Structure formats: structure tokens, C-alpha cells
Amino acid sequence: MENSSLEKKYNTIIIAVSILIPVVVAILFGVKLKDLGYDVAPLSFLPPIYATTNGVTAILLVAAVIAIKNGKRKLHERLMTGAIALSIAFLVMYVAYHMTSVSAIFGDSNHNLILEDSERVAIGSLRIVYLLILITHIILSIAIIPMVLITYVRALAQNFESHKKISKITFPIWLYVAVTGVIVYLMISPYYVY
């Protein structure tokens, strides 16, 4: 199959997956299994695992760039496949957690009742930083889906010039999403309800 026709073959799939994933995640995010009559214990152990998954994804992305710059294409391919697999695993764990657990809210704590005014102001300011990071993380995590898929398909089609061009945009955005996933977890972790 010709390279451009391989890319065209996957365009419809890329578009469908890029729309389907955020829509399904948004729907499932609002579904609580207990509300559907399932007696499921909260999967409260998952957030540190999926935060670690994001951290390892970031490491794999950097290692993959180093590998390709050193001419190690097979290693680059394996590292990128691993990063994609970890991203999928993150998504599954993230949805599973939110379907079984109450979402944590930054700054929402019983401790707030005994805080000094200056401490409340500090938490309020930090909440603004948290929300900015979270919002950019969410928006870019949606935008990165088609970018990763297009970048991957171009490599699959051995259209390496085109792959290289888009990967220069895909890499920093994906890295940002992975790193901010860890930051969001670290910032929200004191407010998890166990």
C-alpha cells in the first residue's frame, strides 16, 4: 500500500477516535457505578498509580527523543509504543477511579474550618494556579489524541519527513500533558477522600 493511501486509510479512524475518546470519557466521568446499583468499593488506590503512569510516560517520551537523535530507531519505536500503551492504561485507570469514587476538590477539606485567614488566602491563590494547570492539562490532553495518532500513522507509513515535522509539535504537548498530570495529582492528593 502506498504511504499516502495508508495515511488516508487511517484518517477516518483518527477522526473517530479523537472525537470518541473525549466524549466517552466525559460521559463515563459522570457515571457512578453505585448509582447504577453496583456495590463497588472506591478504587482510591488508583490515583498514585495513574500519576506514576504519567511520570513514566514523560520519561519514555524523553528517552524516545534521545534514542532517535542517536539513530536508534527500533528503540525509539519501542519507547513510543510503551508511551502510547501507558497513556491508554492511564485513561482506563482514570475513568475507573472516577466511576467508583468521589472526585477530590482542591482546597476542600475539613481542615479549612480551622485555618487562619492568611492560610485561606494562600490556598485560594494556589487553587488558581491549580485550576490553570488543570484546565491546560485537560484541553491539551484532548488535543494530543489526534496529534499522537497522526504522528504514529506517519511513522507507520514510513513518511518520516512528515512524521518528523509533526512530532516536533506533538512531543512538547504530550510531554506537557504527562508532566502536568503528575503535578495535578501532587497538588490535589491532600484532598482525596479515602
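The model is predicted, so local features need pLDDT of at least 70 and side-chain atom pairs count only at pLDDT 80 or more, while totals for chains, interfaces and linings use all residues. Residues are numbered from 1 along each chain as its sequence is written, and side-chain values use heavy atoms, with hydrogens and water left out. The protein chain has 5 helices and 0 strands.

**Overall fold**

- Along the sequence, the pattern reads α-α-α-α-α.
- Helices (H or I, at least four residues) and strands (E, at least two) are DSSP runs, numbered from the N terminus.
- The chain has 194 residues, and 30% of them count as buried.
- Buried means under 20% relative accessible area, exposed means over 50%, and partly exposed lies in between (1.4 Å probe, protein chains only).
- Accessible areas come from the Shrake-Rupley method with a 1.4 Å probe, and for residues only the protein chains shown count as cover.

**The largest pocket**

- Rolling a probe the size of a water molecule over the atoms shows where empty space is left.
- The search uses a 1 Å grid over the protein atoms alone. A pocket is an open set of points with protein on both sides within 12 Å along at least five of seven lines, whereas a cavity is a set where a 1.4 Å probe fits but cannot get out. Lining residues have an atom within 4 Å of a point.
- Grid points are joined across faces, edges and corners, and a volume is the space filled by probe spheres set on the points.
- The largest pocket holds about 1300 Å³ of space.
- It is lined by 45 residues, and those closest to its centre are F90, L91, Y94, H137 and S141.
- Helices α1, α2 (46–69), α3 (73–100), α4 (117–156) and α5 (160–188) each supply at least two residues of this lining.
- Helix α4 provides the largest share, 13 residues.
- By class, the lining of the largest pocket has 36 nonpolar, 8 polar and 1 charged residues.
- Here Ala, Val, Leu, Ile, Met, Phe, Trp, Tyr, Cys and Pro count as nonpolar, Asp, Glu, Lys and Arg as charged, and the others, Gly among them, as polar.

**The second largest pocket**

- The second largest pocket holds about 830 Å³.
- Its lining has 25 residues, and I68, H76, M80, H163 and S167 are the closest to its centre.
- The elements giving two or more residues to this lining are α2, α3, α4 and α5.
- Helix α5 gives the most, with 9 residues.
- The lining of the second largest pocket divides into 12 nonpolar, 7 polar and 6 charged residues.

**Salt bridges**

- A salt bridge is a side-chain nitrogen of Lys or Arg within 4 Å of a carboxyl oxygen of Asp or Glu.
- The structure holds 2 salt bridges.
- E77 pairs with R73, and their closest N and O atoms are 3.2 Å apart.
- Both E77 and R73 lie in helix α3, 4 residues apart, about one turn of the helix.
- K74 also forms a salt bridge with E77, with the closest N and O atoms 3.3 Å apart.
- K74 and E77 are 3 residues apart in helix α3, again about one turn.
- Together, R73, K74 and E77 are linked in a network of salt bridges.
- E77 is partly exposed at 31% relative accessibility, and R73 is partly exposed at 43%. K74 is exposed, at 56%.

**A nonpolar patch**

- I15, I19, V23 and I27 make a nonpolar surface patch of about 380 Å².
- Patches are made of residues with over 30% relative accessible area and no salt bridge: like charges are joined within 9 Å, and nonpolar side chains (Val, Leu, Ile, Met, Phe, Trp, Tyr) within 5 Å.
- I15 sits in helix α1 (residues 3–29). I15 is exposed, with a relative accessible area of 53%.

**Two loop residues**

- A104 lies in the loop between α3 and α4. A104 is buried, because its relative accessible area is 18%.
- A104 and P190 are 86 residues apart in sequence, but 9.0 Å apart in space, C-alpha to C-alpha.
- Q158 is in the loop between α4 and α5. Q158 has a positive phi of about 60 degrees, although it is not a glycine.
- Q158 is exposed, with a relative accessible area of 52%.
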